[in-house]
Amino acid sequence: CDNPIEPVQMAAQERVIEEETTGGVVAGVDVGGSEAETVIAGRRSRTVLPLMAFREAHEGRRSGRVAAELRDAGATGIYVDHIGIGDSLTSRLEEVGLTATGINVGLPAHDPTRYADLASELWWSLREHLDPSRPDPWALPPDPVLTAQLVSRRYSFTPKGQIKVESKKEYRKRTNAPSPDRADALLLTLGGESHGPPPAGGVLTQRGRPALAYHAARRSRWQ
């Protein structure tokens with residue numbers, strides 16, 4: 001696929017579903033510092049809500065805004081990037097009565113025979129949830145930044161045959177783009193789920209191919 005974003009854009013125009021209004025909201029929070037975005041991704045079942053993204057260098061004001069947004073959303077499950085400054089956010093949320101779970105994507109995968117680390121396992125699970133050939137693929141909001149980040153992350157295979165998704169550092173170096181914080185926030189909404197193996201075969205098997213290139217997600221109607 002010369003333009004890995006194109007399939008997602010085409011599907012967003014062609015496939016529309018109604019908003020899901022029942023069920024709890026699961027939230028993923030990717031915490032940014034002084035320059036990077038702090039992103040809150042909310043998901044109700046298979047419908048991804050419009051993302052909340054902002055920049056705030058002050059830790060107290062940042063954690064306060066995150067807490068307010070999560071309360072307003074009625075989040076029933078909160079998963080926070082536990083690496084770096086995300087560690088302190090988890091503690092601050094608990095101080096104000098919000099139960100949050102820290103996710104360290106650098107830890108080993110649940111299935112280490114197939115995935116090099118937890119990040120790769122979660123990315124592959126996200127890939128499958130966005131597969132348009134599924135009977136119930138996730139619906140994404142109209143967010144071109146999120147779309148671009150989802151389809152531009154690449155993967156390869158380790159000598160052991162494990163799937164390995166490139167790190168944020170590798171992504172930034174290759175693309176000369178900011179950190180894919182919106183995609184990572186969405187990824188964190190999978191923090192409470194178990195993750196199955198990748199499908200046999202598939203259309204993406206070459207080293208360095210986009211991890212989500214063939215997955216065209218459906219667009220949800222929110223506004």
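First, the ground rules. The model is predicted, so local features need a pLDDT of at least 70 and side-chain atom pairs count only at pLDDT 80 or more, while totals for chains, interfaces and linings use all residues. Residues are numbered from 1 along each chain as its sequence is written, and side-chain values use heavy atoms, with hydrogens and water left out.

Now confidence. pLDDT is the predictor's confidence in each residue, from 0 to 100. The chain averages 78, and 76% of the residues score at least 70. Residues 1-18 fall below 50, and this stretch has 32 contacts in the model beyond near neighbours in sequence. A contact means heavy atoms within 4.5 Å. Residues 194-223 are also below 50, with 109 contacts beyond near neighbours. Where pLDDT is low, the predicted coordinates should not be read in detail.

Overall make-up. There are 7 helices and 12 strands. These are DSSP runs, numbered from the N terminus: helices are H or I with at least four residues, strands are E with at least two. Of 223 residues, 48% count as buried. Buried means under 20% relative accessible area, exposed means over 50%, and partly exposed is in between, with a 1.4 Å probe and protein chains only. The accessible surface comes to about 10,900 Å², and 49% of that belongs to carbon and sulfur atoms. That area comes from the Shrake-Rupley method with a 1.4 Å probe. Among contacts with a separation of 6 or more, 64% join residues 24 or more positions apart.

On to helix packing. Axes are lines fitted to C-alpha atoms, for helices over the stretch in contact, and angles run from 0 to 180 degrees between N-to-C directions. Under 35 degrees counts as roughly parallel, over 145 as roughly antiparallel, 65 to 115 as roughly perpendicular, and the rest as oblique.

Start with H7, residues 181-188. How many of its residues are buried? 8 of the 8, so H7 is largely enclosed by the rest of the structure. The buried set includes Asp-181, Arg-182 and Asp-184. Two helices pack on H7. H5, residues 144-152, has its axis within 7 Å of H7 and crosses at roughly 80°. That makes H5 roughly perpendicular to H7. On the H5 side, Val-145, Leu-146, Gln-149 and Leu-150 make the contact; on H7, Asp-181, Arg-182, Ala-183 and Leu-186 do. H4, residues 118-129, packs on H7 at about 85°, axes 10 Å apart. This pair is therefore roughly perpendicular too. Leu-122, Trp-123 and Leu-126 of H4 meet Ala-183, Asp-184, Leu-186 and Leu-187 of H7.

Next pair: H2, residues 59-73, and H3, residues 86-95. Their axes come within 10 Å and cross at roughly 55°. That makes H2 oblique to H3. Among the contact residues are Val-66, Ala-67 and Leu-70 of H2, and Leu-89 and Leu-93 of H3.

Leu-98 belongs with this pair. It sits in the loop between H3 and strand E7. Leu-98 is buried, at 12% relative accessible area. Its contacts beyond four places in sequence are Ala-67, Leu-70, Arg-71, Ile-78 and Leu-93.

Last, backbone. Most residues other than glycine have a negative phi. Which way does phi go at Ser-45, negative or positive? Positive, about 60°. Ser-45 is in the loop between strands E3 and E4, and is partly exposed at 42%. Asn-176 also has a positive phi, about 55°. Asn-176 lies in the loop between H6 and H7, and counts as exposed at 74%.
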